[in-house]
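Dear colleague,

Please find below the structure that I am handing over to you, together with its sequence.

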Amino acid sequence: MARGKTRATAAAKGTGARVAIVRARWNEAVTLALERGAIESAASARAAVDLFEVAGSFELPAAVAMLADTGRYDAIVPIGCLVRGETPHFDVLANTVAKGLLDLSISYPVAIPFGVLTCDTMAQAQARAGGGEGNKGTEAMDAALALVALRQALARTPRSPRARARASSRSTR
């Protein structure tokens, strides 16, 4: 392994993590399929999973924030499905939800992937919820567990003298 790099093995990828899945009920046939994929992925990593539901994807960022505030979880996987309609409503929701989840993912020390489908048609959504395009719920859980594994690896890796020097050197300018 190269100096300064830490690698978490696939076998240890988030093993034993405590994970919350928060699923939007809107487009429920799709979101339930995504949730099933996420649960299967978590089970293969021996992660403990708690399940939560909200009305729609718009409510996902608020629910994720509430769950992150508890400090109980290593990862929170939001699952939703937005399908384009005839009005700009889709664009507003897709952008708002994505920005909300991004802001949370960089604000909390919790792995928060993007598990919200944004599709032009219901057929596209179904293809991504266990159909021909795989299961994006599985992929969201895998991404969350990989982030948990990275955090675990970083916690076990001692900081380099150079990093300690930068951390302790504080400018008053």
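Is Glu 28 buried, partly exposed or exposed? Glu 28 is partly exposed, its relative accessible area being 35%; here buried means under 20% relative accessible area, exposed means over 50%, and partly exposed lies in between, with a 1.4 Å probe and protein chains only.

Before the remaining findings, a note on the basis of the values. This is a predicted model, in which local features need pLDDT of at least 70 and side-chain atom pairs count only at pLDDT 80 or more, while totals for chains, interfaces and linings use all residues. Residues are numbered from 1 along each chain as its sequence is written, and side-chain values use heavy atoms, with hydrogens and water left out.

Salt bridges

The structure contains nine salt bridges, a salt bridge being a side-chain nitrogen of Lys or Arg within 4 Å of a carboxyl oxygen of Asp or Glu. In one of them, Glu 28 pairs with Arg 23 at 3.3 Å, N to O. Arg 23 is buried, with a relative accessible area of 1%, whereas Glu 28 is partly exposed.

A further salt bridge links the side chains of Arg 84 and Asp 91, at 3.1 Å from N to O. Arg 84 is partly exposed at 36% relative accessible area, and Asp 91 is partly exposed at 34%.

Glu 139 and Lys 136 also form a salt bridge, with an N to O distance of 3.3 Å. Both residues lie in helix H5 (residues 136–156), three residues apart, which is about one turn of the helix. Helices are DSSP runs of H or I with at least four residues, numbered from the N terminus. Glu 139 counts as partly exposed at 41% relative accessibility, as does Lys 136 at 27%. Elsewhere, salt bridges with shared partners connect Arg 23, Arg 25, Glu 28, Glu 35 and Glu 53 in one network.

Cysteines

How many disulfides does a search of the whole structure find? The search finds zero, where a disulfide is a pair of cysteine sulfur atoms within 2.5 Å. Cys 81 is in no disulfide, and the nearest cysteine sulfur, that of Cys 119, lies 5.6 Å away. Cys 81 is buried, at 0% relative accessibility. Cys 119 is likewise in no disulfide, with the sulfur of Cys 81 as its nearest cysteine sulfur. Cys 119 is buried, with a relative accessible area of 3%.

Yours sincerely

How values were computed: Helix = DSSP H or I, 4+ residues; strand = E, 2+ residues; numbered from the N terminus.
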